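Please consider the structure shown below, with attention to its aromatic rings and then to one of its helices.

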Amino acid sequence: MNLEQLGLLGVFLAGATPWLEAVVVIPAGLLFGLDPFWVVAAGLVGNAITIFLFAYLGSAIRDWIRSKRKDKTSSKPDRFAKAQKLFDRYGIYGLAALSPVLVGTQFAAAIAVAAGVKPLRTALLITAATAAWAIAIASLMLLIGLDRWAQFV
């Protein structure tokens, strides 16, 4: 396995990590000079896998995380509370569009399913929104020349 393949594996795994998002790891992969097409593909596939998992296990995941957070006293709202507020205000389409940059795609998927949106619809909408954000960010980075930053270090 060469260095580029290891980098793409890292992008895939980071994209699949619930607290990291494809819209964060894709720019990181581009900054390290990895191939833009494969970076976007690896980041999105990794993120989509966990979006689908959270969508299909949404209610159970949401209940488990809420039970873990009950004993923590914090005035700062957690990602689930933010996602729930977005869903209540904008519905599934607003949640899907804003979750990749505001609350996290996996948490948004769990909230939407817990609120009654079908898992497949939730996963497809949030994955599509994530893809749109990721492609837009990657295109902008390529357009202004922010890719291949690592070659200058």
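Predicted model: local features only at pLDDT ≥ 70, side-chain atom pairs only at ≥ 80, totals over all residues.

Phenylalanine 37 is exposed, at a relative accessible area of 58%. Tryptophan 38 has a relative accessible area of 49% and is therefore partly exposed, since the exposed class requires a value over 50%.

Phenylalanine 54 and phenylalanine 107 also form an aromatic pair, and its geometry is edge-to-face, with 6.1 Å centre to centre and 85° between the planes. This pair counts because its centres lie within the 6.5 Å limit. It links distant parts of the chain: phenylalanine 54 belongs to helix α3 (residues 36-56) and phenylalanine 107 to helix α6 (residues 105-114), 53 residues apart. Both phenylalanine 54 and phenylalanine 107 are buried.

Attention may now turn to helix α2. How many of the ten residues of helix α2 are buried? Helix α2, spanning residues 22-31, is mostly covered, with seven of its ten residues buried. These buried residues are Ala22, Val23, Val25, Ile26, Pro27, Gly29 and Leu30. Just after α2, glycine 33 adopts a positive phi of about 80°.

Terms used: Residues numbered from 1 in each chain as written. Heavy atoms only, no water. Buried < 20%, exposed > 50% of the residue type's maximum accessible area, 1.4 Å probe, protein only. Helix = DSSP H or I, 4+ residues; strand = E, 2+ residues; numbered from the N terminus. Phe/Tyr/Trp six-rings, centres within 6.5 Å; stacked < 30°, edge-to-face > 60°.
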